[in-house]
Amino acid sequence: MSRLLAALLLVSLAACSSSDAEDKQAQNAKSTANSAIMVIDSWSAGATPSHYAGATLRSLSEVLADYDRQLQTADGSDSSRRLARQLTAAAERAENAVTSGDRAQAGQAGQELRTVIAKFVVADPADRATNP
C-alpha cells in the first residue's frame with residue numbers, strides 16, 4: 001500500500017512544472033502529515049485498532065520519507081529540508097509509539113506534526129490563503 005501511495009504521489013508530481021511540483025510536494029507532505037495526525041487521534045481515542053493505525057502510520061511515514069529524500073537532492077531551501085526531516089521523524093516516532101502502545105508518546109508525536117505543519121504555512125506565505 002505504501003508503494004502505491006508513493007507511486008501516486010510521484011506520478012502526480014511528474015505532470016507539474018518544477019515550481020508547481022515543489023508546491024504540490026509541500027501540499028502533499030502537509031496532507032500526509034494531517035492524515036497521520038487523524039490516525040494518531042483516532043487510535044488514542046480507542047477508535048482505531050493498533051495494527052491498522054501502525055500500518056497506516058508506516059505507509060504515511062514512508063511517503064514523508066520519500067518527500068524528505070526528494071528535497072535533500074533538490075534546490076529547495078534549508079528550512080524546507082529541515083521541516084521535511086522533522087515531519088518524517090515525528091511520523092516515525094508516532095508509528096513506533098502506536099506499535100509499542102504508548103499513547104502519550106503518540107500524542108507528543110502528533111503535536112510535533114502539528115507544529116511542523118504550522119511552520120510550513122509560515123515558511124510559505126502563499127499558503128496563508130489556503131491554510132490560515
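Colleague: Why is lysine 30 called buried?

Modeller: Lysine 30 has a relative accessible area of 3%. Buried means under 20%, exposed means over 50%, and partly exposed covers what lies in between, with a 1.4 Å probe and protein chains only. The value of 3% falls under the limit, so lysine 30 counts as buried.

Colleague: What kind of model do these values come from?

Modeller: This is a predicted model, in which local features need pLDDT of at least 70 and side-chain atom pairs count only at pLDDT 80 or more, while totals for chains, interfaces and linings use all residues. Residues are numbered from 1 along each chain as its sequence is written, and side-chain values use heavy atoms, with hydrogens and water left out.

Colleague: Where does lysine 30 sit?

Modeller: Lysine 30 is in helix H2. Helices are DSSP runs of H or I with at least four residues, strands are runs of E with at least two, and both are numbered from the N terminus. Lysine 30 is 86 residues from valine 116 in sequence, and their C-alpha atoms are 9.0 Å apart.

Colleague: How many helices and strands does the protein chain have?

Modeller: The protein chain has five helices and zero strands. Of its 132 residues, 39% count as buried.

Colleague: What makes threonine 99 exposed?

Modeller: Its relative accessible area is 59%, so threonine 99 is past the exposed limit. Threonine 99 lies in helix H4. Its C-alpha atom is 8.5 Å from that of alanine 53, a residue 46 places away along the chain.

Colleague: How do you know that serine 35 and arginine 114 are partly exposed?

Modeller: Serine 35 has 24% relative accessibility and arginine 114 has 32%. Both values lie between the two limits, so partly exposed is the label for each. Serine 35 is in helix H2, whereas arginine 114 is in helix H5.

Colleague: What does arginine 114 touch?

Modeller: Leaving out residues up to four places away in sequence, arginine 114 touches Ile37 and Asp41. Contact here means heavy atoms within 4.5 Å.

Colleague: Why are H3 and H4 called roughly antiparallel?

Modeller: The two helices pack at an angle of about 160°, with their axes 8 Å apart. Axes are lines fitted to C-alpha atoms, for helices over the stretch in contact, and angles run from 0 to 180 degrees between N-to-C directions. Angles under 35 degrees count as roughly parallel, over 145 as roughly antiparallel, 65 to 115 as roughly perpendicular and the rest as oblique. About 160° is over 145, so H3 and H4 are roughly antiparallel to each other.

Colleague: Which residues meet where H3 and H4 touch?

Modeller: Among them are Leu57, Leu64 and Tyr67 in H3, and Ala84, Leu87 and Val98 in H4. By class, the contact has 11 nonpolar, six polar and six charged residues. Ala, Val, Leu, Ile, Met, Phe, Trp, Tyr, Cys and Pro count as nonpolar, Asp, Glu, Lys and Arg as charged, and the others, Gly among them, as polar.

Colleague: What makes a nonpolar core?

Modeller: It is a set of buried Ala, Val, Leu, Ile, Met, Phe, Trp, Tyr and Cys residues joined through side-chain atoms within 4.5 Å. The largest one here has 28 residues, of which Leu57, Tyr67, Leu87, Leu113 and Phe120 touch the most other members. Helices H2 (18-44), H3 (50-73), H4 (78-100) and H5 (103-123) each give two or more residues to this core. Beyond four places in sequence, leucine 87 touches residues including Ala29, Leu64, Leu113 and Phe120.
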